[in-house]
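User: I am new to this structure and would like to learn how to read it. Can we go feature by feature?

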Amino acid sequence: MEKIKMFGELEVHISTTRKEMGVAAGKRIEQIIKSAIKENGEARVIFASAPSQNEMLAYLKDTDIDWSKVTGFHMDEYVGIDKTAPQSFTKFLEDRLVNHVSMGHWYPFGGTTPSVEEDLKLYTKLLNEQPIDLVILGIGENGHLAFNDPAFCDFNDPLTVKTVDLDEVCRKQQVNDGCFTHLDLVPKQALTITIPPLLACKKKVAVVPGPTKKHAILNTLLGEITPNCPASILRTCKDSELYIDEDSYSLVKE
């Protein structure tokens, strides 16, 4: 049984299990994409890349969404990673969704031009061509949105995308998630969409299961709204929804 609560402007959906959460989030995302296509003839969507998204993506790939009318982006990527490496966020989304549907346009982030600077210019151009209908967010163990870690988070960032250094908590999460076998293998820099364009998306849906996220969810929902927990800014945003399970919600006292 799903429970729905409001924390500021943020609508929080709490499911009993991770699988139920993934299906609930998937159904809502399906609805948003179909509505955008009906209204605009297309849907522009930014996807998160993390194991937290697995159940939701498994639901989405088996829907009857007209994917030919969807333009897909993803919100972050490691600097210099081989796009065929299992840790690549491009490969993550291609393996779990893009290669299973006929997406109208799919734009990998980074590694498509001769330099990082040109990658940033290209993605800035692509993202700003038209409004983004939906961003599907994850929240990191340190509260990050995309790769906007607390030490480098700017709620008023003038850039659309940028290169960032990754803090140790963020890099350890990649080991905890099973993406890398040990910390020394985790890249120290990444490309990320910044906070303002993420929040400017028409709809924002965050999908955050599991016990390793319980402190981040506590700070997101009940802590100070601060760059020290980037996800806390969602409480100020209309058209924002958070899908969690009992494990990630477990520290929130009602």
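Analyst: Start with Asp 239, which lies in the loop between H7 and S11. Helices (H or I, at least four residues) and strands (E, at least two) are DSSP runs, numbered from the N terminus. This is a predicted model, in which local features need pLDDT of at least 70 and side-chain atom pairs count only at pLDDT 80 or more, while totals for chains, interfaces and linings use all residues. Residues are numbered from 1 along each chain as its sequence is written, and side-chain values use heavy atoms, with hydrogens and water left out.

User: What is the phi of Asp 239?

Analyst: Asp 239 has a positive phi of about 60°, although it is not a glycine. Asp 239 is also partly exposed, with a relative accessible area of 42%. Buried means under 20% relative accessible area, exposed over 50%, and partly exposed in between (1.4 Å probe, protein chains only).

User: Is Ala 146 buried or exposed?

Analyst: Ala 146 counts as buried, because its relative accessibility is 4%. Ala 146 sits in the loop between S7 and S8. Its phi is positive too, about 50°, and Ala 146 is not a glycine.

**Sheets**

User: How do I read a sheet? In what order do the eight strands form the open sheet?

Analyst: Two strands pair if DSSP finds at least two bridges between them. Here the eight strands run in the order S1-S2-S11-S10-S7-S3-S4-S6, with mixed pairing. Strand S1 (3-7) and strand S6 (105-107) are the edges; each has a single partner strand, so one side of each lacks a neighbour in the sheet. From one strand to the next, the twist averages 20°. Axes are lines fitted to C-alpha atoms, for helices over the stretch in contact, and angles run from 0 to 180 degrees between N-to-C directions.

User: Which residue stands opposite Phe 73 in S4?

Analyst: Ile 46 does. Strand S3 (residues 43-47) and strand S4 (residues 70-74) run parallel, joined by five bridges. Next take S10. Four bridges join S7 to S10, again parallel, and Leu 137 has Ala 206 in S10 as its bridge partner. S10 also pairs with S11 in the parallel sense, over five bridges. There Val 207 stands opposite Tyr 243 in S11. S10 is mostly covered, with five of its six residues buried.

User: How do side chains point along a strand?

Analyst: In a regular strand the side chains alternate between the two faces of the sheet.

User: Which strands does helix H1 lie across?

Analyst: Contact means heavy atoms within 4.5 Å. Helix H1 (residues 18-40) lies across S2, S3, S4, S7, S10 and S11, running at about 155° to S11. Helix H7 (residues 214-222) packs on the sheet as well, touching S1, S2, S10 and S11. The direction of H7 makes about 145° with that of S11.

User: In what order do the three strands form an open sheet?

Analyst: The order is S5-S9-S8, and the pairing is antiparallel. Strand S5 (76-78) and strand S8 (161-165) stand at the edges with a single partner strand each, so one side of each is left without a neighbour in the sheet. On average, neighbouring strands of this sheet are turned by 25° against each other, direction ignored. S8 pairs with strand S9 (residues 189-193) over five bridges. Val 164 has Ala 190 in S9 as its bridge partner.

**A buried arginine**

User: Where is the place of Arg 171?

Analyst: Arg 171 is in helix H5 (residues 168-176). It counts as buried, at 9% relative accessibility. Leaving aside neighbours within four places in sequence, Arg 171 is in contact with Leu 166, Leu 183, Val 186, Pro 187 and Lys 188.

User: How do I read cavities and pockets?

Analyst: On a 1 Å grid over the protein atoms alone, a cavity is a set of points where a 1.4 Å probe fits but cannot get out. A pocket is an open set with protein on both sides within 12 Å along at least five of seven lines, and lining residues have an atom within 4 Å of a point. Grid points are joined across faces, edges and corners, and a volume is the space filled by probe spheres set on the points. The count here is one cavity of 30 Å³ or more. The largest cavity has a volume of about 180 Å³. It is lined by 19 residues, of which Ser 49, Ala 50, Asp 76, His 144 and Gln 173 lie nearest its centre.

User: What is the volume of the largest pocket?

Analyst: About 190 Å³. Of its 16 lining residues, Pro 86, Gln 87, Phe 92, Arg 96 and Cys 179 are the closest to its centre. Helix H3 (residues 89-96) gives the most to this lining, with five residues.
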